[in-house]
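Please have the sequence and model open.

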Amino acid sequence: MTDFDPNTFATMEPREFAKIVKATPDSKITEVLSGPQRQLILDEVFSRMPKQFRRERAGDTSAVIHWVVTGRPDGGTDTYEIVIDGGTCTLSPSTDRKPDLTLTVAPVPFVKLISGLGNPVMMFMGGKLKADGNLGLAAQIQTLFDIPKA
């Protein structure tokens, strides 16, 4: 992310992003996700989730999942709503539904998780990923999405 160009992120392949994350120190990831590129990066990551959804693994899963990414420069959080229903996954334009699961994570563990460099179970056990609600669904999250690896 040292030479990360926000204008090219939208066309960057997930594996390419994972390689950049792997080669970038945590301090630099924190710096980038505390700056003006944060919103662009998070919006792009979450807009890709429906494309990375593994329908065949979802079965009859029906859920509203809120992802809460902490560490905004103003001290706040960013919340994204993913809806899984009828074998599809969509990014909701709002976060007003009651979630079945809320996942709260800081920027660095989040980026590691979505780039295949972090183990969600270990993050949960270490307190880096907090799950509130349906813990069975939380345990299944990793299998529901095609997570790239660097």
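Which backbone oxygen lies 2.7 Å from a polar atom of the side chain of Ser115? That of Val111.

## Basis

This is a predicted model: local features need pLDDT of at least 70, side-chain atom pairs pLDDT 80 or more, while totals for chains, interfaces and linings use all residues. Residues are numbered from 1 along each chain as its sequence is written, and side-chain values use heavy atoms, without hydrogens or water.

## Ser115

Ser115 sits in the loop between helix H6 (107-114) and helix H7 (120-125). Helices (H or I, at least four residues) and strands (E, at least two) are DSSP runs, numbered from the N terminus. Ser115 counts as buried because its relative accessibility is 0%; buried means under 20% relative accessible area, with a 1.4 Å probe and protein chains only.

## Annotated domain

The unreviewed UniProt entry annotates residues 52-146 as "domain: SCP2". Such annotations may be inferred rather than shown by experiment. The end C-alpha atoms of this span lie 5 Å apart. The span is 31% helix and 32% strand.

## Largest pocket

The largest pocket holds about 470 Å³ of space. A pocket is an open set of points on a 1 Å grid where a 1.4 Å probe fits, with protein on both sides within 12 Å along at least five of seven lines; lining residues have an atom within 4 Å of a point. The volume is the space filled by probe spheres set on the points.

Of its 26 lining residues, Trp67, Leu113, Ile141, Gln142 and Ile147 are the closest to the centre. Helix H8 (135-144) is among the elements that give two or more residues to the lining. H8 gives the most, with five.

Key
Buried means under 20% relative accessible area, exposed over 50%, partly exposed in between (1.4 Å probe, protein chains only). A polar contact is a pair of N or O atoms within 3.5 Å; within protein, one must be able to donate a hydrogen and the other to accept it, and residues adjacent in sequence count only if both atoms are side-chain atoms.
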